[in-house]
Amino acid sequence: MLIQSFRMLPVFDKNHHAFRKYLNKNVVERNMNMLKPLKMKPTFKNYIWGGQNLKKVYGKDNAGENIAESWEVSSREEGLSYVAEGEDEGLTIKQLMQKYGKDFCGESIDEKEEFPLLFKLIDANDKLSIQVHPDDDYAYINENQSKGKTEAWYVLHAEPGSFLIYGFNEQLEKTQLREILKNGNEIEKYLNKVECKKGDCFFIQAGTIHAIGAGLIIAEIQQNSNITYRLYDYNRRDKNGNLRELHIEKSLDVISLEKQAGTGKVQKFFESDGDNLISKTIANKYFCMEEIMVKSTYQSSTNSLLNILFIAEGHFKLGDMFCNEGDSIIIPAGMGEYILEGQGTVLKFYVPKQ
């Protein structure tokens, strides 16, 4: 006689709270089986101001060449990131969007559109050019691109005396700025220099003149755009000996000429979550950033939004994945609940519900 074994299911009235709890638990378990955290493999950019600090601090290796930027989570063709390991190893973000759809993208990202964010690490071994980025409207009309570039910086490391540039220190007129730029480094007299330290966070809205100074390692979250207009670049030359291109007229089109009242530095307010401290540092229509200081365990939910996690400090276990300093992980929206076990600092990014 053949006896079949089977697991007895609990019997609940469909409106009973225990039934709803059981159903929700099994939905989470089913999604967890289908969707897992995705550790990403970056693409490196070697610009003239880069160095070896991303290799020294985070183990990013570019076959001995300097690294200026590590594009950690990117769907841009000129700098794709890939899934580093597991069942989806080698897939791009676009391929993940096609494969999983809403389970990957969640409620705030359209799986039929381009991925809205770009997350990168920056090693400013030397100072960057003085620059500005356009907003969405200007990018659409003049660059045939759907996104401008609003961004935020989190300082991961700062040498003593390091600074960045944020905005003008006095009101200027467009004709006045054009004349100033003819004299090259005279522009520096009109710029706010802001000293910074590890843990500082800055919000750089499109149209704001800015630059990163030497001696900084920056985590940058931004719109998915690579449009940069240089106003001044210290008369530096590229690898072929040519002066690097400037974009004066486009810069003058998009730049905010007002005197900046602040420094761009975001004031952080930490709230307790058990033993952890959480600061919801930045929130705008493009992206949100949270800084999480984890004591031993951090339990969270995607809330139906794709999450990007960056391990700024420490080592963690996420399901069956081990995460080290410098790792960037995508948490698909459909995963729901997830748990980080370890101690350190984690940055979380996501696109808010509109």
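The side chains of R236 and D233 meet in a salt bridge, 2.7 Å from N to O. A salt bridge here is a side-chain nitrogen of Lys or Arg within 4 Å of a carboxyl oxygen of Asp or Glu. Side chains of opposite charge can pair when their charged atoms come close. The model is predicted: local features need pLDDT of at least 70, side-chain atom pairs count only at pLDDT 80 or more, and totals for chains, interfaces and linings use all residues. Residues are numbered from 1 along each chain as its sequence is written, and side-chain values use heavy atoms, with hydrogens and water left out.

Is this pair buried or exposed? R236 is buried, with a relative accessible area of 13%. D233 is buried too, at 2%. Buried means under 20% relative accessible area, exposed means over 50%, and partly exposed lies in between (1.4 Å probe, protein chains only).

D233 has another partner. Its side chain meets that of R244 in a salt bridge of 2.7 Å, N to O. R244 and D233 sit 11 residues apart, in the loop between strand 13 (229-232) and helix 7 (248-254). Helices (H or I, at least four residues) and strands (E, at least two) are DSSP runs, numbered from the N terminus. R244 is buried, as is D233.

How many salt bridges does the whole structure hold? A search finds 25. One of them joins the side chains of K198 and E313, at 2.3 Å from N to O. K198 lies in the loop between strand 9 (191-195) and strand 10 (201-204), and E313 lies in strand 18 (residues 307-318), so the pair ties together parts that are 115 residues apart in sequence. E313 counts as partly exposed, because its relative accessibility is 31%.

Turn next to E114. This residue lies in the loop between helix 4 (102-105) and strand 5 (117-124). E114 counts as partly exposed because its relative accessibility is 37%. Which residues does E114 touch, not counting those up to four places away in sequence? They are S146, K147 and N224. Contact means heavy atoms within 4.5 Å.

Polar contacts join E114 to S146 at 2.7 Å and to K147 at 2.9 Å, side chain to side chain. A polar contact is a pair of N or O atoms within 3.5 Å; within protein, one must be able to donate a hydrogen and the other to accept it, and residues adjacent in sequence count only if both atoms are side-chain atoms. E114 and S146 are 32 residues apart in sequence. In space, their C-alpha atoms are 9.3 Å apart.
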